[in-house]
Amino acid sequence: MTIHFEQIRYRYPSTNSDTWNVSIDSFSIQPGEFVLLIGSSGAGKSTFLRILQGLIPDFYGGLLQIHSLNHTFNSGFVMQDPEQQIIMPDVLGELVFGMEQLGFSRKEMDRRLEHVQSWLPVQSWQNREVQTLSTGEKQRLLIGAISLTDPDLFILDEPIAHLDVQCIQKLTTLVRDWISNKKHSLIVADHRIEHWLPLATRVIMMDKGSIIWDGSVDHWFDFAVNSIFWRDWLPLTKRATAMSITEENQLKPKQSKLKNKPIDDIHINRLTCAYENNEIILNNIQSILRSNSLTALFGPNGSGKSTFLRALAGLITPIQGTIQLQSGLDLTNWSPAERSRWFGYVSQNPYDHLIHDSISKELDYSISLMGLDRSLEQGRFDQICDALELSSNILNAHPRDLSSGERHRAALATVLIRRPLLLLMDEPTSGLSIRQKNQFVSWLISYRESGGTALISSHDLDFTAEWANHVWLLQSSGTRDYIQLTEYDAERLFKSPGLYQSSLVPLTGHYQLTQAVQYLRSQKKGRDQQ
Amino acid sequence: MQTRGHIFSWLVYAIILFSLIWLFDDLFALLIESFLVLWIVWRTKQWSTIIQQGKWMIRFLILFSLIQLVLRHDGQHVLLEWQGTITLFNFDLNLHWRTTMEAINDTTISMIRFLMFWFLFIAIQPLLPTKRLLPFTAQLFPDGTQMIYMTLRLVPVLRERSKHLLDVLQTRGFQPDSNRTWKQSILVRLPLLQALLDESLEGSWHRAEAMIARGYGNHKRTIYAAEQWSWFDLLILLCILFSIFSIWVPELLVALLIPFEIQRAYAQQRRGV
């Protein structure tokens, strides 16, 4: 069924009466069509998707004007934050919730549950409490639950933000099934477009609530390559091509004014952590976090990346093992507050850092927690705001009124204002646009140049390939049921696709990615030498 | 724990028992109520939870009983009486302590009732699991059940969020154990509470959105694990009828057959008037 809307106009209750938050003249989607919706944070993508789903204006008020040519399509919507969409306490209840609402028979539900096995291990998960799932696993569960209801239109808002690459591959296979039978349509809003472009049939670009581009993927490539502004939206391999044409290096880092003595190497000896029920999650982790390096932490969903970072930050007490500086100073029994003298921990959820009603107050509070006088630290305050582009509008805003990218930057600022020597970051780029990620990469490289060390967990290989010196991989041991850490040199890893492919991820086109990274690095090196 | 019996039977059973304990407090009724409550505890094997929580509950019960004994002065059979004046900070306080047999009797009954409430509350939880109960009630009261869905998820989410917020705050240099007055401690934690409140409101909002987006409120809904009637429901029904007949019927008979004056005189005698 073709879904068609015309004259979509919407304004939030708090918006001026002469402005529309979404203003789209016409939108239609055919069965079997896959529309990739892109645009920077705050462009109106999520609002538009909520209009399509029918949640606006019921939940948000405001004024909606819309002319729909068909009212009877079913749609399945997965929103950004998986945590806030889970309804039932157990996995099976969550999976069948949608089917129950639509009146499916038990027999039909069982049949569909069988079919979704390729995406979700229903048998092994069905009795689990949802609280025991990682964020990525929750996202997987929600996508599975939506797919079971077999809607005419799938609406996915950043569905892969927390998924590991293997899960993303499974999802793309699932999506291929959805669109191949010409029964379903799909609209995906995402910043990590490299995973979707091979499948998408159409790209729609949004800016300030309006559609500014609507066309085929190939046409969009041509458009983006020739556009200075939208070139950053190209996936890395294509971006390399574009850069070779213009001989312009977008990734050149800013020069930082910070000059710190780097922290010593950190020796992690036989670190073993367990859940409250004594189930071991990290076993005998042995490694050295090199001084003044940027280390990427990879691992499948639920492999214990967050646990590892929290253990290093002092939030989890290991049942065995030590964390020591090279000088011999043992940090194992230091509290998180004591470690905060040198370590900065950035949580996966920016709201964990934003508890005051404005960003400015939040930064003031960070300064006060250091025992410093805010009035004497204006320089420190301004420096961070400049480095992370926190304008006065952002500083005075409530955290919940900010866009995703702004919120991430604000959360980062609350940590960086302490000038930590080691940064522990848990998926810092989920929800960021490609432009924001590039800015983040620039900042990260300058942080290292100024003496910083960082350990960053991520699922985003594209992002990681641009900055990592070392790669740590957390994965299940082959013979035992716990997680172990393997260490790789990033240069060597990205140069040897065989190793990359077998040990990390079977990523389609990864060799192109590797080549592109090499190309970018050689370009930069050549320019630096000149 | 998957228990036998239709969820509706257990729901009615729980409501009836709560009502009985609430309404009837004479010794015979308590005996029947206790028997039925203990049957549920035996069925659900919740002794370990009761023992675990017991040390706190016993302290609470002792405090509760002492307060009741201090406040109750009525009754004819006086066991202990003292009246006098105590001077405290230049103030004369006239005190009257009077402990009667009736007060002890009522306090004991209250304690047993309280214990039964507590036992029932713990024991009934495995019999009314949310994943069985809510799909059932959603058919009867969709709006009310939607609220329950949102509230139930709110509790574990808030618990987890408050832990995360406090954790991250510590990594920013906040020391929860440092020496502070209680006033300072509250002031320091106020932003956390505010953030949690914001989060809970937003979380409930998004959960409601997700429910509607997934078709909640559809009148033709089905239930995956549909409840089955079995012979066990007959047993539960018999228990309900037994409790009603054994407790309500004698009370009703007394109310209908015995003249009102005699009932009033008996009640006054019990109160020691």
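Helix 5 of chain A is followed by D150(A), a residue with a positive phi, near 55°. The structure described here is a predicted model. Helix 5 covers residues 135–148 of chain A. At 1.5 Å a residue, its 14 residues should span 20 Å, and the end C-alpha atoms do lie 20 Å apart, so expectation and model agree. Of these 14 residues, 13 are buried. The helix is therefore largely enclosed by the rest of the structure.

Chain A as a whole contains 19 helices and 18 strands. The chain has 530 residues, and buried residues make up 59% of them. Contacts in chain A were also sorted by sequence separation. Among those between residues at least 6 apart, 68% join residues at least 24 apart.

Chain B holds nine helices and two strands. Read from the N terminus, its elements follow the order α-α-α-β-β-α-α-α-α-α-α. Of the 273 residues in chain B, 41% are buried. Among contacts in chain B between residues at least 6 apart in sequence, 76% join residues at least 24 apart.

One arginine of chain B illustrates such packing in detail. R113(B) sits in helix 4 of chain B, which covers residues 101–124. The relative accessible area of R113(B) is 18%, under the 20% limit, so this arginine counts as buried. Its side chain reaches the backbone oxygen of I21(B) at 2.9 Å. Neighbours within four places in sequence aside, R113(B) is in contact with I21(B), W22(B), L23(B), F24(B), D25(B) and L30(B).

The two chains meet in an interface. On one side, 60 residues of chain A take part, in contact with 49 residues of chain B. The size of an interface is often given as the accessible area lost when the parts come together. Here chain A and chain B bury about 5,000 Å² between them. Carbon and sulfur atoms account for 52% of that area.

Polar and charged pairs also cross the interface. The rule finds 22 residue pairs in polar contact between chain A and chain B, counting those with both residues at pLDDT 80 or more. On the side of chain A that touches chain B, helix 2 of chain A (residues 91–101) supplies the largest share, eight residues. By class, that side of chain A has 31 nonpolar, 16 polar and 13 charged residues.

Salt bridges were then examined. Side chains of opposite charge can pair when their charged atoms come close. Over all chains, the structure holds 25 salt bridges. Eight salt bridges are counted between chain A and chain B. One pair joining the two chains is E209(B) with R50(A), whose closest N and O atoms are 2.8 Å apart.

A second pair that joins the chains is R161(B) with D352(A), at 2.5 Å from N to O. R161(B) lies in helix 6 of chain B (residues 142–171), whereas D352(A) lies in the loop between strand 14 (343–346) and helix 11 (359–369) of chain A, so the pair joins two chains. Both R161(B) and D352(A) are buried.

R161(B) has a further partner within chain B. E199(B) forms a salt bridge with R161(B), with the closest N and O atoms 2.2 Å apart. E199(B) belongs to helix 7 of chain B (residues 182–213) and R161(B) to helix 6, so this pair ties together parts that are 38 residues apart in sequence. E199(B) is buried, as is R161(B). These pairs belong to a wider set. D352(A), R400(A), R161(B), E199(B) and E202(B) are linked in a network of salt bridges.

The side chains of D214(A) and R202(A) meet in a salt bridge, at 2.8 Å from N to O. D214(A) lies in strand 9 (residues 210–215) and R202(A) in strand 8 (residues 202–207), twelve residues apart. D214(A) has a relative accessible area of 39% and is partly exposed, whereas R202(A), at 11% relative accessibility, counts as buried.

Methods. Residues are numbered from 1 along each chain as its sequence is written. Chains are lettered from A and ligands numbered from 1 in the order in which they are written. This is a predicted model: local features need pLDDT of at least 70, side-chain atom pairs count only at pLDDT 80 or more; totals for chains, interfaces and linings use all residues. Side-chain values use heavy atoms; hydrogens and water are left out. Contact means heavy atoms within 4.5 Å. Buried area is the accessible area (1.4 Å probe) that two parts lose on being put together, summed over both. A salt bridge is a side-chain nitrogen of Lys or Arg within 4 Å of a carboxyl oxygen of Asp or Glu. A polar contact is a pair of N or O atoms within 3.5 Å; within protein, one must be able to donate a hydrogen and the other to accept it, and residues adjacent in sequence count only if both atoms are side-chain atoms. Helices (H or I, at least four residues) and strands (E, at least two) are DSSP runs, numbered from the N terminus. Ala, Val, Leu, Ile, Met, Phe, Trp, Tyr, Cys and Pro count as nonpolar, Asp, Glu, Lys and Arg as charged, and the others, Gly among them, as polar. Buried means under 20% relative accessible area, exposed over 50%, partly exposed in between (1.4 Å probe, protein chains only). The expected span of a helix is 1.5 Å times one less than its number of residues.
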